[in-house]
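Please look over the sequence and the model below before reading on. The report that follows is meant to be read alongside them.

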Amino acid sequence: MAATLFVHVRTRPDVAVALIVGIPCVLGLVLILLSARRWMTTVGAFLLAVGPGWFGMLVAIQAVHGV
């Protein structure tokens, strides 16, 4: 039997933006700086590109909901 838990927690917008943009950027930079292989550099660049995309999606969601 599956159960669903709904948690209603207010999240500060600045914390959400910091997590959404900051974590992929930090991981991407670390991967680029410490990469020993070409594919690791590629993954790092991908992670750096993901952060702003997620931020754009967060802004679009906020705009649609009128917040």
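## Basis

This is a predicted model.

## The helix pair

Helix α1 covers residues 13-33 and helix α2 covers residues 38-65. Their axes come within 7 Å and cross at roughly 170°. Because an angle over 145 degrees counts as roughly antiparallel, α1 is roughly antiparallel to α2. The crossing in which α1 passes α2 is left-handed.

## Residues in the contact

On the α1 side, the residues that meet α2 are V17, I20, V21, P24, C25, L27, G28, L29, L31 and I32. On the α2 side, they are M40, T41, V43, G44, A45, L47, L48, G51, W54, F55 and L58. By residue class, the contact of α1 with α2 has 17 nonpolar residues, 4 polar ones and no charged ones. Since Gly is counted as polar here, G28 in α1 and both G44 and G51 in α2 belong to the polar class.

## The salt bridge

How many salt bridges does a search of the whole structure find? The search finds 1. D14 and R12 form a salt bridge, and their closest N and O atoms are 2.7 Å apart. That distance falls within the 4 Å cut-off for a salt bridge.

## The segment before α1

T11 lies in the segment before α1. Its relative accessibility is 54%, so T11 counts as exposed. T11 and G44 are separated by 33 residues in sequence, and their C-alpha atoms are 28 Å apart in space.

With 67% relative accessibility, F6 counts as exposed. Between F6 and Q62 there are 56 residues of sequence separation and 21 Å in space, C-alpha to C-alpha.

Note on methods. Residues are numbered from 1 along each chain as its sequence is written. This is a predicted model: local features need pLDDT of at least 70, side-chain atom pairs count only at pLDDT 80 or more; totals for chains, interfaces and linings use all residues. Side-chain values use heavy atoms; hydrogens and water are left out. Axes are lines fitted to C-alpha atoms, for helices over the stretch in contact, and angles run from 0 to 180 degrees between N-to-C directions. Helices (H or I, at least four residues) and strands (E, at least two) are DSSP runs, numbered from the N terminus. Angles under 35 degrees count as roughly parallel, over 145 as roughly antiparallel, 65 to 115 as roughly perpendicular and the rest as oblique. A crossing is left-handed if the near helix is turned anticlockwise from the far one by less than a right angle, and right-handed if clockwise. Contact means heavy atoms within 4.5 Å. A salt bridge is a side-chain nitrogen of Lys or Arg within 4 Å of a carboxyl oxygen of Asp or Glu. Buried means under 20% relative accessible area, exposed over 50%, partly exposed in between (1.4 Å probe, protein chains only).
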